[in-house]
Amino acid sequence: MEKSKVQHFKELLLGEKERLEKELGNIAKQKGKKFTPFYPEYGNKDEENAAEISEYELHLALDKNLEKLLTDVIKALAKIEAETYGHCQNCDEEIPIERLEAF
């Protein structure tokens, strides 16, 4: 793959990494490489407790999804550094640019 294309994807991936880290920061605290979702506290009434649990469950689901995406982006950036980005891990053929753009 051309160096200009690799640089293009690196810039896209760095932007995506920053966006994902910001989104995770809105719902979770970072501890090392892991994130722990916030547990909201609205009060002690039953309906407030139910809202807290509901929001926490949403944060858990979002956290898992965002962490998975962030891990994928970090792996892609590592492949760029290792000069293996854009090649299939199984057959070592070049992955079409359109597919890389879609990711």
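Buried means under 20% relative accessible area, exposed over 50%, and partly exposed in between (1.4 Å probe, protein chains only). The model is predicted: local features need pLDDT of at least 70, side-chain atom pairs count only at pLDDT 80 or more, and totals for chains, interfaces and linings use all residues. Residues are numbered from 1 along each chain as its sequence is written, and side-chain values use heavy atoms, with hydrogens and water left out.

**View 1. Salt bridge between Arg19 and Glu23.** A salt bridge here is a side-chain nitrogen of Lys or Arg within 4 Å of a carboxyl oxygen of Asp or Glu. For Arg19 and Glu23, the closest N and O atoms are 2.1 Å apart. Arg19 is partly exposed at 36% relative accessible area, and Glu23 is partly exposed at 30%.

**View 2. Salt bridge between Glu21 and Lys17.** The N to O distance is 3.1 Å. Glu21 and Lys17 are 4 residues apart in helix α1, so about one helical turn separates them. Helices are DSSP runs (H or I, at least four residues), numbered from the N terminus. Relative accessible area is 33% for Glu21, which is partly exposed, and 24% for Lys17, also partly exposed.

**View 3. Salt bridge between Glu81 and Lys10.** The side chains meet at 3.0 Å, N to O. Glu81 belongs to helix α2 (residues 46-81) and Lys10 to helix α1 (residues 3-27), so the pair ties together parts 71 residues apart in sequence. Glu81 is exposed, with a relative accessible area of 54%, whereas Lys10 is partly exposed at 24%. A search of the whole structure finds 5 salt bridges.

Key: Helix = DSSP H or I, 4+ residues; strand = E, 2+ residues; numbered from the N terminus.
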